[in-house]
Amino acid sequence: MKKLNNRIKHKMAVFFIVFILQIASIQLFTQELRFEHIEDTYDLKINAVTKIIQDSTGYLWFGTRNGLFRYNGYEFKIFNKKKYKNLESDIIPTIFEDSKRRLLIGTRKGLYYYNYQYDRFKLIFKNKNKRITFVNTIFEDNKNRIWIGTYSGIFILDKNDKLIKSYIHNKDDSNSILHNTIGKISRDSNDKIWILTLNGLSMHNNKNFFINYPLPQDNKIKRIWATTSYLNSDDEIWVSAKNKGLMKFDIKKLKYSFYKDNFKGAENLKNNLIHDLFQDSNTLWISSIKGLIHFDVKTKDWRIIKNDQNITTSISQNDVRYSFKDRSNNYWVCTLGGGINKISKNSLYFNNIKAGNKKTNLNNKMVWSIYEDKSGNILYGTDDGLNFWDKMEGRFYYYKDNSANSEFNDDFFMSIFEDHNRDIWIGTSGKGLKKFDRQTNTLITFKRNVKNKKSISSNVVTKIFQDEEKNLWIGTGFGLNKYNYENNEFLKIIKNKKLPNAHLFSVLDIIEKNPNELYIGTNRGLFEFDKKKKTLRKNIIFSSINTIVSVILKDNGFLWLGTNSGLYRLNMKFKTLIKYNKQDGLPDDSIKSIIKTDKNTLWISTDFGLSKFNIRKESFTNYYKNNGISGNRFNVRASIKARDGKLYFGGLNGVTSFYPENIIEDTNIPNIIITEFKLFNKDVNIGVKSILKKSIQYTKKINLKYNQNFFSFEFTVLDFTNPQKNKYKYKLSGIDEDWVFSDAGRRFANYSGVAPGNYIFTVKGSNSNGIWNNKGASIEVYIETPFWSTWWFRLFIVLFIIIIIILLYKKRIKNIEHKLRSENAVNELCNNYKITNREKEILSLILSGKDNKEIEDILFISYNTVKNHVHNIFKKFGVKNRSDLILFFNTTQNIDKR
């Protein structure tokens, strides 16, 4: 111990024993860019990306040497000559969206236009005088003319895509373009058009000739080739040249100037092949064969970023071919052999301090406490002792006694505090409370002693707090303690009849309610401590909250509490309570720490992510590991706001620090589109005879037959910041009573057995920051009614039935009338031939076809009687048998009808 003290005292002229090294320093860390490697199914790792654009819809398009790719944040779709027969080449050097929102595709064999609505390509231009037209760049001037830069000069198309002009290098004409190989075409603020050629810059003067500015030649190098350029908003053109490095062309001075690199231990820029340039604010992004280079155009500082196989979030490969920034401020870095990398905008401002073997790393990734002392030093309590960053030496110092008898082994620091005497107090997870007395240069340890009632109540020290009266309060795993400076004794706060086990509470946070009272956050809720009466009472409003209170923040009449069940805001005047949890936008309900940065903003660390809460709007903006923070899981109260405004949050994977004003909240409303329509789980292709005459994105209404009622829609939010955190809600009017919510894992809606009728399908979406597109995307769906269910068919059936009923009724009436006439005729004949009543009955049965036996059974008379009556009937009518009798009566009735 003395040896260590002497070393520090001698070296720094200050003392820091075991735990604290006191120097005036401000923590400074090298910014670590976090690269997300985009997975794909088309092996884009080996297909060099030559160009990226984001179209007006929001899709990202990637031009490669093996086809055109479209990305929606989740998967790629390929467009190549195998799928599109009229596309002659898969080599795509450039892509451009013109003022008509047409996607122009530059290929090795000409210029194409991709028709979004009908999903097909159309050849616009091909140089008839050359066997190959390698389109290298595309540009649109202020007259809406399209300039096509190729390996054989420039060609200009009018607004109807007709060739109106071409420019070819002529070695005998000094006013011709400098070279036929065209790299970039740009327009400055004065509408002058600048063309980068292989030999330098040519400026078109709008009079059909050029003023040329060749690259400065080097006596040692016979030929200098330009590789790429970028025209910035200051009318400066950055030009890279093989064997010459980076230079800048000043349009006002009309001269080149060279920039020398100052990489420490890096390759000379002159020997580095540069593929692409683009400037974002003060940073020039340089895509080179030996890494991604950042150049600060103001400070002239260089930084090269290379692959580190030991870091999974480093750039995937060193051969960087192209870089691009989308409308959500994400950066896309494309490599050869390593595919596509993405950098979130905010990851440029999140500083991550991680564990490692280097002296610029923490000695352990588990960070339990962070503290800034009165000299501005930042101290970190980890699983392996105390870490201190020495700015003067640019390294960490680590303090942990590794001797066998050390009481610090297998222990970590839960709380660090500097009191009014500038003594440092350390709360440990089981080895008691440590005090470093600067005046006596001694270390004192306070431990629980069951025989001493004035010892600390627990060796687990969770919180150290000093009130305005300079009283030191110690929160432990078994209640609250007050430290007595005069005799180094502790007062245990347990005097309350209603709370006989107050000393068993685990104190998690302490703040001052007023000069006479403290708020105490515990694992049994929120308590108020009266310092004069030395009594605890449980807060009534929070009595129903039994989860652990992890943090308390007092704020202008409000009390903010972080718990394991969400964030609570208490209006202390009106005693009203508001709760916020995952349903309101929090990334996780387990709150670890809260920091207030301004009157409307809280920064909240949780068990799954970091959140920015807008108090006025009551909205959350969440940040996760893939946004650039060190990890998703944080530790309780492991956070501070430093004097310079920088925030520090510690967790299970190191520390994340940042200046909150630098973190840009994405307020752009994301575009949401319906991407696919399926029938019976099969894709519906575009075609004249198809249900979809054009792309679903451009279709307003779908007409389906009655038996095509099993269909689905797919959709996506075109925001690439953190697409896995995008949210969706959809509804089919008449089917879904309420909105159906889904996440990025379910970007589709299925419907089956839908009845005929008119419906409207609507889908809305939000980006990972919770910004919703409430207008959404909609499409009308009409399912036709089968003919047997139509009104006219039903009316026809009703009329048909009515007609049948009428016809049957008329026939029945006619039959009745006929029967009556027949009966009258029979009665008249019977009267004329003196037929008795019994004989009439038998005659009627004979005429109906009954034989004698049947007549016997019907009339219940003997067979002989029937036989006699039948004989008499034959005799009276003068017939010999039944047939003659029936014929007689039929003939008689026919005569009557006539």
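Which residue takes a positive phi in the hairpin of β6 and β7? I began with this hairpin, which has five residues between its strands, and found that R101 takes a positive phi near 65 degrees.

**Ground rules.** I am working from a predicted model, in which local features need pLDDT of at least 70 and side-chain atom pairs count only at pLDDT 80 or more, while totals for chains, interfaces and linings use all residues. I number residues from 1 along each chain as its sequence is written, and my side-chain values use heavy atoms, with hydrogens and water left out.

**Overall counts.** I looked up the secondary structure and found six helices and 65 strands in the protein; helices (H or I, at least four residues) and strands (E, at least two) are DSSP runs, numbered from the N terminus. Of the 898 residues, 52% count as buried, where buried means under 20% relative accessible area, exposed over 50% and partly exposed in between, with a 1.4 Å probe and protein chains only. The accessible surface comes to about 44,500 Å², and carbon and sulfur atoms hold 49% of that; such areas come from the Shrake-Rupley method with a 1.4 Å probe, and for residues only the protein chains shown count as cover. I also noted that, among contacts (heavy atoms within 4.5 Å) with a separation of 6 or more, 51% are between residues 24 or more positions apart.

**Strand β7 and its partners.** I returned to β7 and looked at each side of the strand: L103, I105 and T107 point one way, L104 and G106 point the other way, and all are buried. Strand β6 (residues 94-97) is joined to β7 by four bridges and runs antiparallel to it, with E97 standing opposite L103; I take two strands as paired if DSSP finds at least two bridges between them.

**The largest core.** Where does β7 (103-107) contribute? I found β7 among the elements that give two or more residues to the largest nonpolar core, a core of 33 residues in which I52, W61, F62, F121, W332 and I340 touch the most other members. A nonpolar core here is a set of buried Ala, Val, Leu, Ile, Met, Phe, Trp, Tyr and Cys residues joined through side-chain atoms within 4.5 Å. The other elements giving two or more residues include β2 (49-54), β3 (60-64), β26 (320-325) and β27 (331-335). I then listed the contacts of F62 beyond its neighbours within four places in sequence, and these include V49, I52, L68, F76, I95, W332, C334 and I340. Apart from this core lies another, of 28 residues, among them V684, A744, A749 and A777.

I looked up a sheet of four strands in the order β10-β11-β12-β13, open and antiparallel in its pairing, whose edge strands β10 (135-140) and β13 each pair on one side only. Within this sheet, strand β11 (residues 146-150) and strand β12 (residues 153-157) are joined by five bridges, and G149 has I154 as its bridge partner in β12. I found another open sheet of four strands, also with antiparallel pairing, in the order β14-β15-β16-β17, with β14 (182-187) and β17 (210-214) as the edge strands. Five bridges join strand β16 (residues 200-204) to β17, and H204 has F210 as its bridge partner.

**L178.** I located L178 in the loop between β13 (163-167) and β14, and its relative accessibility is 13%, so L178 counts as buried. Leaving aside neighbours within four places in sequence, I found L178 in contact with residues including H169, T197, G200, S202, Y213 and P214. L178 and S202 lie 24 residues apart in sequence, yet 6.1 Å apart in space, C-alpha to C-alpha.

**Helix α4.** Which residues of helix α4 (residues 852-859) are buried? I found N852, I855, E856 and L859, and seen down the axis of α4 these fall within an arc of 105 degrees, so they line one face of the helix; the arc is that of the directions from the helix axis to the C-beta atoms. Just after α4, I noted that F860 takes a positive phi of about 55 degrees.
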